[in-house]
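Subject: Handover of a structure and what was found in it

Dear colleague,

Please find below the structure that I am passing on to you. After it I set out what was computed from the atoms, with the cut-offs given once for each term.

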Amino acid sequence: MSNPLSHSRWLDRLGSPNLTDLYQLTMLQAYRHIGMDDTAVFEFFVRKLPDHRNFLLAAGLEQLLDYLVDLRFEERDLEALRRTEKLDDAFIDSLAEMRFTGDVDAMPEGTAFFGNEPIARVVAPLPEAQLIETRVVNLLQMQTLIASKAARMRLAAHDHQRLVDFGLRRAHGSEAGLFAARAAWIGGFDGTATVLANELYGIPLFGTMAHSFIQAHDSEMQAFEDFCRSQPENTVLLIDTYDTEEGARKVVELARKLEPEGFTIRGVRIDSGDLCASAKAVRRILDEGGCEDIEIMVSGGLNEDRIAGLAAAGIPATGYGVGTDLDVSADAPYLDCVYKIQEYAGIPRRKKSAGKATWPGRKQVFRHYRDDGSFDHDVIGLVDEALDGEPLLGPVMRAGERLGEPEPLTDIRERAAAQMAALPRDLSLLPVAADPYRVEISDGMRDMAERVDKRVERKE
């Protein structure tokens, strides 16, 4: 066994094509031996939405395109494969020339979609299309999952209430924490506490203080004052370390003391207890003390259902900090998503496994709208069918090259907001699980599936 990598070197390896499942490479070796390298078509889709999910938001396409553009085996990748003793040397040597040369069509990030609808289609020589499977699923699933969770929280909160991602420390790894901040921003969050997400994606930063800062001081009042003087432009005080209402009274006292010096306390945060009752009591104390402009932020074990309940109860909070439940999508931590071959060498292919059957061929999703602009239903059809409706998948890569510059994240966020506004009302209500959105299969798709089944039966 080789020596484990240091943390810095491990992070550097995240872009390696060896970040995959072994069976991708064993299949590639077999394809090479038998000369199977004709064009294949694979599609990524979610078979069935998780319980209590009425919609999903597509996300992660940008990272997928970056991965495909940069895909190549360096010498250290090849040496690592040789050390496994799982593959033959001739095959490993051939990987040095491997590049992604295919085409990608996809739904734009921030697009709402539903069960069995492909959100990305890859057309490439079979070995290339096969090799990327693991990373395609890895990248698209994670951000789609978090963006969809964030959108539910945005629907639960009032429009004026701020949502901030606090979840990096509970995310399943550093990459997941960064991607969660990005996906949450797409889904409607207003900012993040993750500093690197601001540097990489331009997401607004928010931060307050931890209980440890209070506890490290001999008095809560001194802790408040020290923090105010250290952070004069961004003073948000955590007031529930000992007694929440008493903490609020100290904030009023401190605000009066520091006002002549030009210091302003921007807000307070409550992180425990009955958040609604505490926020109402704190609001009353602040208002009676002449601190009407000090905002209240709440955090601690929040999810969309709790946010919806707090908003309905009239909590006087201007924002919510959400951590664990967002970054791990606690109630639905994975999607039943797949990346399946739909065509090879010009012949449509279809999986018939019980409960996992697929529709064959290259597909397009056609969206139909009601007169008020909301979604009515979708039709999954073949790309060359002349069907009504708005086609949702469009070209983003040809011959291994991107067709344009990365889309600004603000544009993606705006698209997601417009998609949420166009959801039928029953799909946007929380925590109610609505009847499934109507997704139809075209006649052309059904005819093709029947022809594929007959062809397979004849060969069997």
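This is a predicted model: local features need pLDDT of at least 70, side-chain atom pairs count only at pLDDT 80 or more; totals for chains, interfaces and linings use all residues.

Residues are numbered from 1 along each chain as its sequence is written, and side-chain values use heavy atoms, with hydrogens and water left out.

Overall picture

The protein has 18 helices and 19 strands, where helices (H or I, at least four residues) and strands (E, at least two) are DSSP runs numbered from the N terminus. Its C-alpha trace spans about 85 × 60 × 35 Å along the principal axes. Of the 460 residues, 52% count as buried, and here buried means under 20% relative accessible area, exposed over 50%, and partly exposed in between (1.4 Å probe, protein chains only). The accessible surface comes to about 21,300 Å², and 49% of that belongs to carbon and sulfur atoms; accessible areas come from the Shrake-Rupley method with a 1.4 Å probe, and for residues only the protein chains shown count as cover. Among contacts between residues at least 6 apart in sequence, 75% join residues at least 24 apart, a contact being heavy atoms within 4.5 Å.

The parallel sheet

Six strands form an open sheet with parallel pairing, in the order β7-β6-β11-β10-β9-β8; two strands pair if DSSP finds at least two bridges between them. At the edges are β7 (191-192) and β8 (236-238), each of which pairs on one side only. The chain passes from β9 through α13 to β10 in a right-handed β-α-β crossover, which is to say that, with the strands pointing away from the viewer, the path from the first strand over the helix to the second runs clockwise. Strand β10 (residues 295-299) is mostly covered, with four of its five residues buried. Three bridges join β10 to β11 (residues 319-322), serine 299 stands opposite glycine 321, and the crossover from β10 through α14 (residues 304-312) to β11 is right-handed as well.

The loop between β9 (267-270) and α13 (275-288) holds glycine 273, which is exposed, with a relative accessible area of 61%. Its C-alpha atom is separated by 8.7 Å from that of aspartate 240, 33 residues apart along the chain.

The antiparallel sheet

Seven strands form an open sheet with antiparallel pairing, in the order β13-β12-β1-β5-β3-β17-β18. Because β13 (347-348) and β18 (401-402) each have a single partner strand, one side of each is left without a neighbour in the sheet. Six bridges join β1 (residues 39-48) to β5 (residues 120-125), and phenylalanine 44 stands opposite alanine 120. On β5, valine 122 is the bridge partner of phenylalanine 42 and also stands opposite valine 104, while four bridges join β3 (residues 103-106) to β5. Five of the six residues of β5 are buried, so this strand is largely enclosed by the rest of the structure.

Cores and a buried helix

The largest nonpolar core has 126 residues, and Leu237 and Tyr320 have the most contacts inside it; such a core is a set of buried Ala, Val, Leu, Ile, Met, Phe, Trp, Tyr and Cys residues joined through side-chain atoms within 4.5 Å. Helix α7 (residues 133-156) gives the most to this core, with eleven residues. A second, separate core of six residues includes Ile380, Leu382, Ile441 and Met445.

Helix α8 (residues 174-186) reaches 19 Å from its first C-alpha to its last, close to the 18 Å expected, the expected span being 1.5 Å times one less than the number of residues. Eleven of its 13 residues are buried, so α8 is largely enclosed by the rest of the structure; among them are Phe179, Arg182 and Trp185. Just after α8, glycine 188 takes a positive phi of about 120°.

With best wishes
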